[in-house]
Amino acid sequence: MLSDSPLKRPSSEKWLTAVLADFDTFLLDHAANERKASTMAMSLVAHYPDKKKLVEAMIDLALEELNHFRQVVRLINRRDMVLAPDEKDAYVNQLRNHFRKGAEKYFLDRLLCAAVIEARGAERFNLIAGALQEPDLKAFYTSLSKSESNHYELFTNLAAVYFPKPTVQQRFHEWLTIEDRIMDSLDIKPRLH
């Protein structure tokens, strides 16, 4: 686990074992998550066009996530696999159930939920990188872990642009508690979440 991770609990060894035992399934899910992350960033651009710092940051993020998607697709193609149809992500859907009503609260929750998801991605990619033996894959997942950690900071920093810092800190702490409860309830599968 990354030393600067805000998460309340690390991912279980059982999760890592499941991923390593069925890495092909993990790769397909990973690709879907990178594509969805790019789409989510562009959704924020579409919904908040008046927030210039957010718009610029989300365009950059969308391009970065789309590049990650391309890189994972190349790994999938090398294994002679085909992208899988979308599946619902129980983790993300359960997190979204905690978005509050009201334009400002909803906006803050979108940013902080994204920060939590990115923090979990950073932690999990770091675990995978530490367990992989193939040098190229190890380097790829190490790089992704750092990238996701930067994204977590990006979303918390953006929240602090648009909301008072104490409000951001309090609600982010609440999001970490929500995420911890959700992590406790999820089945272990060879998926990113």
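Predicted model: local features only at pLDDT ≥ 70, side-chain atom pairs only at ≥ 80, totals over all residues.
Local features need pLDDT of at least 70, side-chain atom pairs count only at pLDDT 80 or more, and totals for chains, interfaces and linings use all residues. Residues are numbered from 1 along each chain as its sequence is written, and side-chain values use heavy atoms, without hydrogens and water.

Helix 1 spans residues 13-21; helices are DSSP runs of H or I with at least four residues, numbered from the N terminus. W15, L16, A18 and V19 of this helix are buried (under 20% relative accessible area with a 1.4 Å probe, protein chains only; exposed is over 50%, partly exposed in between). These four residues lie on the same side of helix 1, because they cover an arc of only 160 degrees around the axis. The arc is taken from the directions from the helix axis to the C-beta atoms. The face turned away from the buried side carries the exposed residues E13, K14, T17 and A21. Helix 2 (23-47) and helix 5 (103-131) are among the elements that cover the buried residues, with contact meaning heavy atoms within 4.5 Å. R124 lies over the face of W15, at 4.1 Å from the ring centre (CZ of Arg or NZ of Lys within 6 Å of the centre and within 35 degrees of the ring normal).

Eleven aromatic pairs are counted. Rings of Phe, Tyr and Trp (its six-membered ring) pair if their centres lie within 6.5 Å; planes under 30 degrees apart are stacked, over 60 edge-to-face, and the rest tilted. Y48 and F107 form a tilted pair, with centres 4.3 Å apart and planes at 40 degrees. Y48 sits in the loop between helix 2 and helix 3 (52-78) and F107 in helix 5, so the pair ties together parts 59 residues apart in sequence. Both residues are buried. Y152 and F172 are stacked, at 6.0 Å centre to centre and 25 degrees between the planes. This pair links helix 6 (residues 135-162) with helix 7 (residues 165-185). Y152 has a relative accessible area of 14%, and F172 one of 10%. F23, F26, F125, F140 and Y141 form one aromatic cluster.

The largest pocket holds about 530 Å³ of space. A pocket is an open set of points on a 1 Å grid over the protein atoms alone, where a 1.4 Å probe fits, with protein on both sides within 12 Å along at least five of seven lines; lining residues have an atom within 4 Å of a point. The volume is the space filled by probe spheres set on the points, which are joined across faces, edges and corners. Of the 26 lining residues, K36, M40, V92, R96 and I117 are closest to the centre. Helix 2 gives the largest share of the lining, eight residues.

Terms used
Helix = DSSP H or I, 4+ residues; strand = E, 2+ residues; numbered from the N terminus.
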